[in-house]
Structure formats: C-alpha cells, structure tokens
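Please keep the sequence and the model in view while reading.

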Amino acid sequence: MEDFKGKVAVITGAASGIGKALARHCVAQGMNVAIADLYLEGLSALAQELETQGAQVVSASVDVSDMAAMQAFAERCVAELGAVSLLFNNAGILQVGQTWEHTAGEWEKILSVNVMGVVNGLTAFVPGMIAAGMPAQIVNTGSVGSLVAAPGMAQYTACKMAVRGITESLAYDLAAAGPHIDVSLLCPGPVSTPISDGLLGIAAGSEESAANVRMMEEQPDFITADECAARVFKAIRERRFWIFTHPFSEYYRRNSAAIADGINPVFTDVVFDEGL
Ligand SMILES: NC(=O)c1ccc[n+]([C@@H]2O[C@H](COP(=O)([O-])OP(=O)(O)OC[C@H]3O[C@@H](n4cnc5c(N)ncnc54)[C@H](O)[C@@H]3O)[C@@H](O)[C@H]2O)c1
C-alpha cells in the first residue's frame, strides 16, 4: 500500500506504546482509524486527540482474546468507517519467568491475548477485506522472539513464534485467496513503551510509568514508539513481509545457520549489525 489518504486503519492495543504511535501515524497520513484497547483512559484521550486532527475515529473497549467482541468490533468498523485497508494486530502483553514456573492460568492468559488475539483479529476482519477487493495490508506484531528464543521468556517466545507461523501461513493463503492483501510480520527490537508496567506493578498512565519510558529512551539500543511507527510505514510502502525495526540481520543469520547445521542452541544477547 502506498496511498493511505481517506482509507481506514484498525489498530488493537492502541491506547499505549507502539499501537498509539501507529494510530497517530495513520492519522498523519490522512487515514480514519478504529482503535481498540482495554486501557480506556488512554484510549479516550487518544480518540479525542485524533478527532481534533480531523480523523473519523471508532474507539472501542475490546478484549482481543474475546472472539465475539472482535467480531462485533469488525462489524462496527465497517458500518461506521467503511472497508478496512490496514489491520494492525498489535495488542500484546509480556510475562517473564522460568519455563516450569508459570501456572496453567498464566499460560492461558498470555496465549489468549498474544496468539488468539491475533487469530481473532484475522477471523473477524480478513473475510471482509477479501470481499472488499481493495489493496490492503495486515501487520501482525511479533518480536525478535518470533525468530530467536531467550532465557526466562518461554511464554512470550511461544506466543511470538506462533504469531510468526500464523503470519507466514496467512501470507501463503492470501497469495491465492486475496492477492490484493499484503501481509507483514512486525518484529520490533527494544522500543521504549510501558509494556513492562504490568511486571513492575506500575499503574498505566502514572508518572512512574512515564518516568520508566523516559529511562528506556536514554538506553542506546531503544528506539521510541514514534520512530518504530515511522519504520513500519516505510516497510509497508516497500511491501516487506519482514519488518525489522533494528539491524539484527547477522544475529538472525547466525541463529538460522546454527539450526540448519544442527548445532545445539547457545543463547547470546542480540547483536547489532551497526548503529540504529
Ligand atoms: N516494546 C517493545 O520493546 C516490544 C518489542 C517487541 C514486540 N513488542 C510487541 O509490540 C506490541 C505492542 O507493545 P507495546 O510495547 O506498545 O506495549 P504497551 O503495553 O505499551 O501497549 C500494549 C497495549 O495493548 C493493550 N492490551 C493488552 N491486552 C489487551 C487485550 N486483551 N485486549 C486489548 N488490548 C490489550 C494494553 O492495554 C496496551 O495499551 C505487543 O504485541 C508487544 O509484544 C514490543
């Protein structure tokens, strides 16, 4: 997709971080947006901000893990805004800990949001996007963890590797059933957002949360959510399947080569090719 003006974008997890920055970029390109989240204070502040800039906005309290709620959201988006051109399945949560320590309930929670949330987004929106027949783009949010596992991250890695598999299959399926729809897997490196608030017991929207994000912004490896969104839009224009926000190609190449050669996994921190 290259022409965004007047088109419709849907963003889940839009009230914070990367989702909020994507919604702002969509509106800056002249798009109308449907934004969904469970953090309602952040969502209504964003809706107000975007409407002030002249966008039509559908704002909805939707749990992405709830299929019926996602279906109702999709119907409302199309009824109020028209056919969807850009779908960002972005909502996600982070959980860390030793592989054997997570409870069944914790597994269910993270899988229902990070994996089924993406699946529900696809189930709710893709049939309408195929039927509309207009050029469109789906961006599912994975992570560096979609390609490489890390210690203490079994749950997150399981989810993000699943999203990678789903997204690659989706691209193959749509190449046959909906060739007007491009598909991307967004694999962000470190982005300064409040994603770790839940782990740290920090309230969403608090001064502590903002201070934590500012601290991340000072780290050399982090990019801001706004910079992440700018890189995503560049990749969309270039019709890239793999959206890498950071230059990790040597790191990925080394890991893929080790698998192909049957070498046992040895974890190393991500290695940057060059500066950001
Ligand atoms: N920040 C990073 O460094 C980073 C790196 C790789 C991948 N990601 C991924 O990017 C995506 C966005 O993360 P972020 O960093 O902007 O985090 P964030 O916490 O700032 O934003 C995530 C948003 O999703 C919402 N959300 C959570 N559960 C939901 C649910 N069940 N239904 C609807 N909304 C829900 C939250 O309320 C929040 O507003 C996630 O999928 C995350 O895994 C982030």
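## Terms and numbering

Two residues are in contact if their C-beta atoms, placed from the backbone, lie within 7 Å. Helices (H or I, at least four residues) and strands (E, at least two) are DSSP runs, numbered from the N terminus.

The model is a predicted one, in which local features need pLDDT of at least 70 and side-chain atom pairs count only at pLDDT 80 or more, while totals for chains, interfaces and linings use all residues. Residues are numbered from 1 along each chain as its sequence is written.

In α3, the residues Met 67, Met 70, Gln 71, Phe 73, Ala 74 and Val 78 meet Asn 120, Gly 121, Thr 123, Ala 124, Phe 125 and Gly 128 of α4. The residues of this contact comprise 7 nonpolar, 5 polar and no charged ones, where Ala, Val, Leu, Ile, Met, Phe, Trp, Tyr, Cys and Pro count as nonpolar, Asp, Glu, Lys and Arg as charged, and the others, Gly among them, as polar.

## Thr 193

Thr 193 is found in the loop that runs between β7 (191–192) and α6 (197–200).

Apart from neighbours within four places in sequence, Thr 193 is in contact with Ser 16, Gly 17, Ile 18, Val 213 and Ala 225.

## Around the ligand

By class, the shell around the ligand holds 15 nonpolar, 12 polar and 2 charged residues. The most is given by α1, with 3 residues.
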